[in-house]
Amino acid sequence: MPASAYSCNAASLYVGDLQTEITEAMLYERFGPVGNILSIRVCRDKITRQSLGYAYINFQQPADAERALDTMNFEDMKGKPMRIMWCQRDPSLRKSGVGNVFIKNLEKSIDSKLLYDTFSAFGNILSCKVVCDENGSKGYGFVHFETQESAQNAINSLNGMILNDQKVFIGHFKSRKEREPELVARAMFTNLYIKNFGENMDDGRLRELFSKYGKDPVCSRNQV
């Protein structure tokens, strides 16, 4: 995996999803056996100084950083799996959406590691995450590939596949700005056309039937 192609430093790693009590010393103890470390920085809130849940580790040798990524990604630390990736501080790459894939309808037991293992066959992964809250997986996630070609191959091969007995849907990630026209279009069209419901249906029964799906539906049985 050529780290220099996309990292801010060929021997630097981002370590995320950390518990807030994890310190630089704890990370040094965990990552030190892999190779010589030049520096570790846990990122903290400027006012409270509480950990923001991620850190940067700079190794002396790129090979050591690569070994840490390959062997320690998603390892448990203080009850939570670490999410390790090459350090990438170029905002244009993160925001461009190039190589970024969105996955939805994930079965609740699928975690970031399983997602990473599933998609890594298609190319180098810059970032991989299943989105979670206090109740666990929210059923969707993101995989950011190094290249658009890898992303497209993953979509072509995996969209509609059954993963843990559940069909998943995969497509190119779209920013909110890109999705805005679709959201506006959906908001503009709220009417439904219903047919073949028989002669006994009237406006009141239609309203009763559809009111459980939304507030105060306006129903009219017009002859066509």
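Tutor: Let's start with the whole chain. Buried residues make up 33% of its 224 residues, where buried means under 20% relative accessible area, exposed means over 50%, and partly exposed lies in between (1.4 Å probe, protein chains only). This is a predicted model, so local features need pLDDT of at least 70 and side-chain atom pairs count only at pLDDT 80 or more, while totals for chains, interfaces and linings use all residues. Residues are numbered from 1 along each chain as its sequence is written, and side-chain values use heavy atoms, with hydrogens and water left out.

Four strands make an open, antiparallel sheet in the order β2-β3-β1-β6; two strands count as paired if DSSP finds at least two bridges between them. At the edges stand β2 (37-44) and β6 (83-86), each pairing on one side only. Direction ignored, neighbouring strands here are turned by 20° against each other on average. Strands of a sheet pair through backbone hydrogen bonds, either parallel or antiparallel.

Zoom in on β1. Four bridges join β1 (residues 12-16) to β3 (residues 51-59), and the two run antiparallel. Val15 stands opposite Ala55 in β3. Tyr14 has Tyr56 as its bridge partner in β3, and its bridge partner in β6 is Met85. The pairing of β1 with β6 is antiparallel as well, over four bridges.

Two helices pack on this sheet. Helix α1 (residues 24-31) touches β1, β2, β3 and β6, and its direction makes about 140° with that of β2. Contact here means heavy atoms within 4.5 Å. The angles run from 0 to 180 degrees between N-to-C directions, using lines fitted to C-alpha atoms, for helices over the stretch in contact. Helix α2 (residues 62-72) touches β1, β3 and β6, with a direction at about 145° to that of β6.

How enclosed does that leave β1? Five of its five residues are buried, so β1 is largely enclosed by the rest of the structure. In a regular strand the side chains alternate between the two faces of the sheet. Both faces of β1 are covered: Ser12, Tyr14 and Gly16 are buried on one side, and Leu13 and Val15 on the other.

Of its 22 residues, Leu13, Leu27, Phe31, Phe59, Met82 and Ile84 touch the most other members. At least two residues of this core come from each of β1, α1, β2, β3, α2 and β6, and the largest share, four residues, comes from α2. Not counting residues up to four places away in sequence, the contacts of Phe59 include Leu13, Phe31, Ile37, Leu38 and Ala68. There is also a second, separate core of 20 residues, which includes Ile103, Tyr116, Val130 and Leu163.

What about the rest of the chain? Another open sheet of four strands, also paired antiparallel, has the order β8-β9-β7-β12. Its edges are β8 (125-133) and β12 (169-172), each with a single partner strand, so one side of each is left without a neighbour in the sheet. Strand β7 (residues 100-104) pairs antiparallel with β12 over four bridges, and Ile103 stands opposite Ile170 in β12. Helix α4 (residues 112-119) packs on this sheet, touching β7, β8, β9 (136-145) and β12, with a direction at about 145° to that of β8. Helix α5 (residues 148-158) packs there too, touching β7, β9 and β12; its direction makes about 155° with that of β12.

Technical notes. A nonpolar core is a set of buried Ala, Val, Leu, Ile, Met, Phe, Trp, Tyr and Cys residues joined through side-chain atoms within 4.5 Å.
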